[in-house]
Amino acid sequence: TRLVNDSSTDSTERSPGLFERYAALLRAEQPVALATVIDGPRIGAKLLVEPGRAPVGTLGHPELDRVVARDALAELEAAQSGVRNYGPEGQTTPEDLVDQPTVRIFVESHAPPPQMWIFGAVDFTAALARVAKVLGYRVVVCDAREVFATRRRFPMADEVKVTWPTPVFDDHGHELGSRDAVCILTHDPKFDVPAVQGALATKVGYIGVMGSRSTHQRRTERLVEAGVTREQLDRLMSPIGLDIGARTPEETGVSICAEIIARRTGRDVPSLKDGDGAIHS
């Protein structure tokens, strides 16, 4: 008991405001990970890790802090929590851990909801947004046409933006990561080409573009003319969705979200992108 109390007191005294910062980030739904020693020297010591900032607190050794902060950011990116084992000075390889006490650290990740940005206020958008909300996405609908991009048409969306794609990606594209998705449902070159270019400049995990094979071929030609490389084009899932015979907007929404899940989990599934011929039988 004395060890736990002494360690916890020492940890909090070295890092005043740790818990206050942690609580504020949780309330704001900002990404944060809390690493806690659960076995070994300094039980109860904590390290608060968030992207783009120096960690707060200490686990007992600078090198251990550095290695755990690195690993915590990786766990946060994957939205995973778990227990990791280290040496008291951050050792991670088996040969370095021989005759060393093991420090077990629980990394608790709090990642914000994954984002889905849907470009184009069309009939399929509302259906896709509803399915995405069921799966826990924060949904943003974007269209430059004020008459179509309205809260009344898309009450399920967390945000409706009346703007062109480029400003959205310029201002917020850095927020997109491997858990997020961009779905481009328009057929207007003035809108979908900059939307694709903006998405390709991010680290977003999924980029889906609606359209028939012939539509996508014409779009591809315009993208190549705009400077998009063949390697970048391979990131695009178009025609969008799994090949499940979807016809209605609701079925299409399901097929798109199913493809996103399959891509994220690495499953080999029949995407429309991989087939040929008409996408509707």
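How many disulfides does the count come to? It comes to 0, a disulfide being a pair of cysteine sulfur atoms within 2.5 Å.

This is a predicted model: local features need pLDDT of at least 70, side-chain atom pairs count only at pLDDT 80 or more, and totals for chains, interfaces and linings use all residues. Residues are numbered from 1 along each chain as its sequence is written, and side-chain values use heavy atoms, without hydrogens and water.

Select Cys-142. The nearest cysteine sulfur belongs to Cys-183, 13 Å away. Move to Cys-183. Here the nearest cysteine sulfur is that of Cys-257, at 7.1 Å. Cys-183 is buried at 0% relative accessibility (buried: under 20% relative accessible area; exposed: over 50%; partly exposed: in between; 1.4 Å probe, protein chains only).

**Salt bridges.** The count comes to 13 salt bridges (a side-chain nitrogen of Lys or Arg within 4 Å of a carboxyl oxygen of Asp or Glu). Select Glu-75 and Arg-84. Their closest N and O atoms are 3.2 Å apart. Glu-75 is buried, at 9% relative accessible area, whereas Arg-84 is partly exposed at 28%.

Next, pick Arg-138 and Glu-159, a salt bridge at 3.3 Å, N to O. This pair links distant parts of the chain: strand E7 (residues 138-143) holds Arg-138 and strand E8 (residues 159-162) holds Glu-159, 21 residues apart. Strands are DSSP runs of at least two residues (E), numbered from the N terminus. Stay on Glu-159: it also forms a salt bridge with Lys-161, at 3.0 Å.

Methods
Helix = DSSP H or I, 4+ residues; strand = E, 2+ residues; numbered from the N terminus.
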